[in-house]
Amino acid sequence: MSYRTNSDNLYPEGTRVTAKVNPALQLTIVKYMQRIYYCAVVGDEQSKQLAYFERELTPTNPLKLA
């Protein structure tokens with residue numbers, strides 16, 4: 001089964017975000033595939049990646065997003 005990568009993502013790779021369920025945890029977007037953001041914890045990039053939908057994330061600095 002072949003999937004096409006969407007380019008409709010709000011956050012580009014490398015953007016720092018936080019999850020709405022744990023806003024104290026800083027995350028960095030590693031990749032975006034099939035409407036899912038794969039994030040790494042800032043300072044612990046070797047740990048397991050976390051997967052979030054766009055609605056579950058908030059930018060750390062919303063002014064830089066535009």
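In the predicted model, strand β2 (residues 22-33) and strand β3 (residues 36-41) are paired in the antiparallel sense over 6 bridges, where strands are DSSP runs of E of at least two residues, numbered from the N terminus, and two strands count as paired if DSSP finds at least two bridges between them. Residues are numbered from 1 along each chain as its sequence is written. Because the model is predicted, local features require pLDDT of at least 70 and side-chain atom pairs count only at pLDDT 80 or more, whereas totals for chains, interfaces and linings use all residues, and side-chain values use heavy atoms, with hydrogens and water left out.

On β3, an antiparallel pairing with strand β4 (residues 50-52) runs over 3 bridges, with Y37 standing opposite Y52 in β4. These pairings belong to an open sheet of 5 strands in the order β4-β3-β2-β1-β5, with antiparallel pairing. Strands β4 and β5 (57-59) stand at the edges with a single partner strand each, so one side of each has no neighbour in the sheet. The twist from one strand to the next averages 50°, taken between N-to-C directions on a scale from 0 to 180 degrees, with axes fitted as lines to C-alpha atoms.

A search of the whole structure finds 2 aromatic pairs, the criterion for Phe, Tyr and Trp (its six-membered ring) being ring centres within 6.5 Å, with planes under 30 degrees apart counted as stacked, over 60 as edge-to-face and the rest as tilted. The rings of Y32 and Y37 have centres 4.7 Å apart and planes at 45°, so this pair is tilted. Y11, Y32 and Y37 form one aromatic cluster. Y32 is buried at a relative accessible area of 9%, and Y37 is buried at 0% (buried, under 20%; exposed, over 50%; partly exposed in between; 1.4 Å probe, protein chains only).

How values were computed. Helices (H or I, at least four residues) and strands (E, at least two) are DSSP runs, numbered from the N terminus.
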